[in-house]
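Here's a quick briefing to read alongside the model. Have the viewer open and follow the topics in any order you like.

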Amino acid sequence: MKVTVLAPAYNEEAVIEKFVRTVMDQLGGLLSFDMLIVNDGSSDRTGEILLRLQQEYNNLAVVTHPVNQGLGAGLKTGFSHAKGDVVVTLDADLSQSPSLIPKMIEEINMGADVVIGSRYIQGGGMKGVPRWRMIISRLGNWLIRNSLDIRVKDCTSGLRAYRRGAVQDLGEIGSGFEVQLKILQQLVQVRFAEIPLNLVNRTAGESKMRYFSLVPRYLFLLAFPCKKNRKKTKTFVFEG
């Protein structure tokens, strides 16, 4: 089974080289994989660093947006360019450990269609994250689960493994961090699994998430949920 590790990146010159090398080192010899970075209109040295790394790693591909288009566009571009049977998405800031990817692939091999790295199952959590962010995240996920009847515990995690067929025909998924929820709303007849994720606060570079602008986007999605496919959705949830 071939795996594509997909990470959108925007102005990540402080961490992108360490991120790429960490993925390569931790997965090398364990999986047949390629790595795809979508450089989303970075104005710093991210593109230059990636170009240099491509000379070193023949399984590293880069797709570049001429201007910044947001996380949703980065993921959609990545999904359309991915070559793997499974597409694993994660942030390019090392807040989610690539060492979890082999376990995610195990869950896929055992029958899951989508595997989510979850902060909200036993063994998961957040480290070094400001308390106010933890509270907003927990409350937001609780509200989403109960309002939209989504049965996974972590609806907004970006660490996910998808069978490629699950994301081939996605509709509009937005541009910001609400993309994770909008993808979940469109998944049809899929089996979910969750494995514990201990998310750590980034130690280099600047977070692109703006919590107070994200809240109204989530509220809009709760008030006007994506009804396409929702009635047809059947989920099977396994906690790893």
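**The overall picture**

The chain has seven helices and 10 strands. Keep in mind that this is a predicted model. Of its 240 residues, 51% count as buried. Take the contacts with a separation of 6 or more: 82% of them come from residues 24 or more positions apart.

**Nonpolar cores**

- As general background, nonpolar side chains tend to be buried together in soluble globular proteins.
- The largest nonpolar core here holds 39 residues, and the members touching the most other members are Val5, Phe19, Val20 and Met35.
- At least two residues of this core come from each of β1 (2-9), α1 (16-27), β2 (32-40), α2 (46-56), β4 (86-89), α4 (101-109) and β8 (190-196).
- Helix α1 gives this core its largest share, with six residues.

**Where α3 meets α6**

- Helix α3 (residues 71-81) packs against helix α6 (residues 179-186) at an angle of about 50 degrees, and the two axes are 9 Å apart.
- On the α3 side, the contact is made by Leu71, Gly72, Leu75 and Phe79, while α6 brings Val179, Gln180 and Ile183.
- Sorted by type, the residues of this contact are five nonpolar, two polar and no charged.
- Glutamine 180, which sits in helix α6, is buried, with a relative accessible area of 5%.
- Not counting residues up to four places away in sequence, glutamine 180 touches Leu71, Leu75, Cys155, Thr156, Ser157, Gly158, Arg160 and Tyr162.

**Salt bridges**

- How many salt bridges does a search of the whole structure find? The search turns up nine.
- One of them joins the side chains of glutamate 56 and arginine 21, at 2.8 Å from N to O.
- This pair links distant parts of the chain, since glutamate 56 is in helix α2 and arginine 21 in helix α1, 35 residues apart.
- Glutamate 56 has a relative accessible area of 46%, so it is partly exposed.
- Arginine 21 is also in the partly exposed class, because its relative accessibility is 24% and the buried class needs under 20%.
- Both residues belong to a network of salt bridges that links Glu17, Arg21, Arg52 and Glu56.
- Lysine 103 and glutamate 107 meet through their side chains in a salt bridge of 3.3 Å, N to O.
- These two both lie in helix α4, four residues apart, which is about one turn of the helix.
- Aspartate 154 and arginine 119 are both buried.

- Asparagine 11 is not a glycine, yet its phi is positive, at about 50 degrees.
- You'll find asparagine 11 in the loop between β1 and α1, and it is partly exposed, with a relative accessible area of 22%.
- Leucine 94 is not a glycine either, and its phi is positive at about 65 degrees.
- Leucine 94 sits in the loop between β4 and α4, and it is partly exposed at 21% relative accessible area.

Notes
Residues are numbered from 1 along each chain as its sequence is written. This is a predicted model: local features need pLDDT of at least 70, side-chain atom pairs count only at pLDDT 80 or more; totals for chains, interfaces and linings use all residues. Side-chain values use heavy atoms; hydrogens and water are left out. Axes are lines fitted to C-alpha atoms, for helices over the stretch in contact, and angles run from 0 to 180 degrees between N-to-C directions. Contact means heavy atoms within 4.5 Å. Ala, Val, Leu, Ile, Met, Phe, Trp, Tyr, Cys and Pro count as nonpolar, Asp, Glu, Lys and Arg as charged, and the others, Gly among them, as polar. A nonpolar core is a set of buried Ala, Val, Leu, Ile, Met, Phe, Trp, Tyr and Cys residues joined through side-chain atoms within 4.5 Å. Buried means under 20% relative accessible area, exposed over 50%, partly exposed in between (1.4 Å probe, protein chains only). A salt bridge is a side-chain nitrogen of Lys or Arg within 4 Å of a carboxyl oxygen of Asp or Glu.
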